[in-house]
Each structure stands twice: as C-alpha cells, then as structure tokens.
Amino acid sequence: MKQLGMITIGQSPRTDVAPIIEKYLEGRAELVQCGVLDELTLNQIAELAPEAGEYVLTSRLRDGSAAVVSRERIRPILEQKIRELEERGILNILLLCTGSFPGLRVDRAHLIEPDRIIPPAVEALADGRRLGLIGPLPEQADQLGQKFTSTPPPLFAAASPYASGEAEFRQAARALKDQAHLILLDCMGYDERHRQWVSEAAEGVPVMLSNALMGKLVSETV
C-alpha cells in the first residue's frame, strides 16, 4: 500500500485529526505520522517558545494539551523530520499545519503545504466576498497579511482547538457572522465538533474545516 507521511508541529499520533485525513484516503494509503516535538521534554519544548517578532505556531501534545512554539526555532527539527520520512521511502508528505514555511526543501518526496493551497483555494471560493477566519491565538491575527491577499481583508477571531471550549467558539462565530460570507477554521487541529459550534452560532454562514479540505485534496494525489 502507498504511504502518506504526516508531520505535525506538535506530537504524534494526532488521534484528533488523523481520522479526518484517513476518512478521505479511504484505505488507498497508509498514514505514517511523526511530530516535530515527539522526542522533546516539556522543558525542551518551553525553550522553543516564540520571542517578540517571531512567527507564532501552536499545536497539540500527546496528552492533549497545547504548545506554543516559534517557527524559526522548530524549523531545523521539521527539516530533519522531512529527511527521515524521505529516507523511509515515503514520496508524499503532508505538513499538518496551516502556518507559512517559506523555503522548505525536499530531495525526492512531494511536500504538501496547506499554507500554499488553502488560502488561494478559499479566496477563489469567496470570489470577492469577505472571509472570516478563526485561528487558535489572538496574536496570529498579525500574520494574516502573509497568507491572505483578498480584498476586503479577512476578519479574524480567536478560539483554540486545544484550549477553548464551546462558549469561546460560539463567541468567535458571533463576532464574524454579520460581516463574513464564509468562515474558515484556520488550523489543522479543528474538528467536526468545532465546525458544528461555529456553524450553529454563525446562523447559516458556511464554515470550512482546513483539515477536511486538505484530506479531500490529498486523497486525489496519492
């Protein structure tokens, strides 16, 4: 059977997201998971926290808690994980993160980066209508200009898939629903439960799930 490598910015296995990806693979490929933070202790993970001006990312640890890390600090580990999957002969690798990683390289494999696929696809679907984005952390609002170029610019509200409850998701949805025509859950950690909360609170505004979009698209390439 073919294999699809999946690298999370946090720790594997991603028991929350993997079933969504596997649903669309429909048994055509085996999902091989690894994580940037897999071998690290909590103290080592804390040393990867972002400082002022660094690009902020968040992901899930094996115990279900969240870690906030700097893109710049984790990049060498991420590049090593890509090499390890290539050495195992895996030819398709999915980066389980919607953050931007300019300049990542592979030797033999095809690297699938959601940040290069989701923004243009969603902006094309919006077709000039205003997007609403829900992301994990308030400070990530400052990073939107690196990802989305649509006019009018997207609206943003924060609710973490790892640390926020239903009330926070509904509050985020209500903050967007009167101005946004489409809402994207802009993190690979959101699941169908989060989409349902947002959809109900947004009262009819379509809600897109990043990992479901990627699962559908990736399933066509393996």
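Which residues point one way from E5, and which the other way? The answer is in point 4. These notes concern a predicted model.

1. **Overall make-up.** Start with the inventory. The protein chain contains seven helices and ten strands. Its C-alpha trace spans about 50 × 40 × 30 Å along the principal axes. For 222 residues, a compact globule would have a radius of gyration near 17 Å, and the chain has 17 Å, so the two agree.

2. Buried residues account for 54% of the 222 in the chain. The exposed surface comes to about 10200 Å². Carbon and sulfur atoms supply 48% of that surface. Now look at contacts between residues at least 6 apart in sequence. Of these, 64% join residues at least 24 apart.

3. **The sheet with E1.** Find the open sheet of four strands in the order E2-E1-E5-E6. Its pairing is parallel. Strand E2 (29-35) and strand E6 (110-112) are the edges, and each pairs on one side only. Ignoring direction, neighbouring strands are turned by 25° against each other on average.

4. **Strand E5.** Here is the reply to the opening question. Asn 92, Leu 94 and Leu 96 point one way from E5. Ile 93 and Leu 95 point the other way. In a regular strand the side chains alternate between the two faces of the sheet. Are the residues of E5 buried or exposed? Five of its five residues are buried, and the strand is mostly covered.

5. **Bridges in this sheet.** Trace the pairs one by one. Strand E1 (residues 2-8) is joined to E2 by seven bridges, and the two run parallel. Met 6 has Gln 33 in E2 as its bridge partner. E1 is also joined to E5, by five bridges, again in parallel. In that pair, Leu 4 stands opposite Asn 92. E5 and E6 run parallel too, with three bridges between them. Leu 94 finds its bridge partner in Ile 112 of E6.

6. Helix H1 (residues 18-25) lies across E1, E2 and strand E5 (92-96). H1 runs at about 155° to E2.

7. **The sheet with E7.** There is another open sheet of four strands, in the order E8-E7-E9-E10, and its pairing is parallel. Strand E8 (155-158) and strand E10 (207-209) form the edges, each pairing on one side only. From one strand to the next, the twist averages 25°. Strand E7 (residues 131-135) pairs with E8 over four bridges, in the parallel sense. Gly 132 stands opposite Leu 155 in E8.

8. Helix H4 (residues 114-126) lies across E7, strand E9 (182-185) and E10. H4 runs at about 165° to E9. Helix H6 (residues 192-202) also packs on the sheet, where it touches E7, E9 and E10. The direction of H6 makes about 170° with that of E10.

9. **The hairpin.** Look next at an antiparallel pair. Strand E3 (residues 56-60) and strand E4 (residues 66-70) pair over five bridges. Arg 60 stands opposite Ala 66 in E4. The two strands form a hairpin with five residues between them. In the turn, Gly 64 has a positive phi of about 95°.

10. **The cysteines.** How many disulfides does the structure hold? The count is zero. A disulfide is a covalent bond between the sulfur atoms of two cysteines. The cysteine sulfur closest to that of Cys 97 is in Cys 187, 7.1 Å away, which is too far for a bond. The cut-off for a disulfide is sulfur atoms within 2.5 Å. Cys 97 is buried, with a relative accessible area of 9%. Cys 187 also counts as buried, at 7% relative accessibility.

How values were computed:
Residues numbered from 1 in each chain as written. Predicted model: local features only at pLDDT ≥ 70, side-chain atom pairs only at ≥ 80, totals over all residues. Heavy atoms only, no water. Pairing = 2+ DSSP bridges. Axes fitted to C-alpha atoms, helices over the stretch in contact; angles between N-to-C directions. Contact = heavy atoms within 4.5 Å. Rg over C-alpha atoms; globule rule 2.2 N^0.38 Å. Buried < 20%, exposed > 50% of the residue type's maximum accessible area, 1.4 Å probe, protein only. Areas by Shrake-Rupley, 256 points an atom, 1.4 Å probe, with all protein chains shown as cover.
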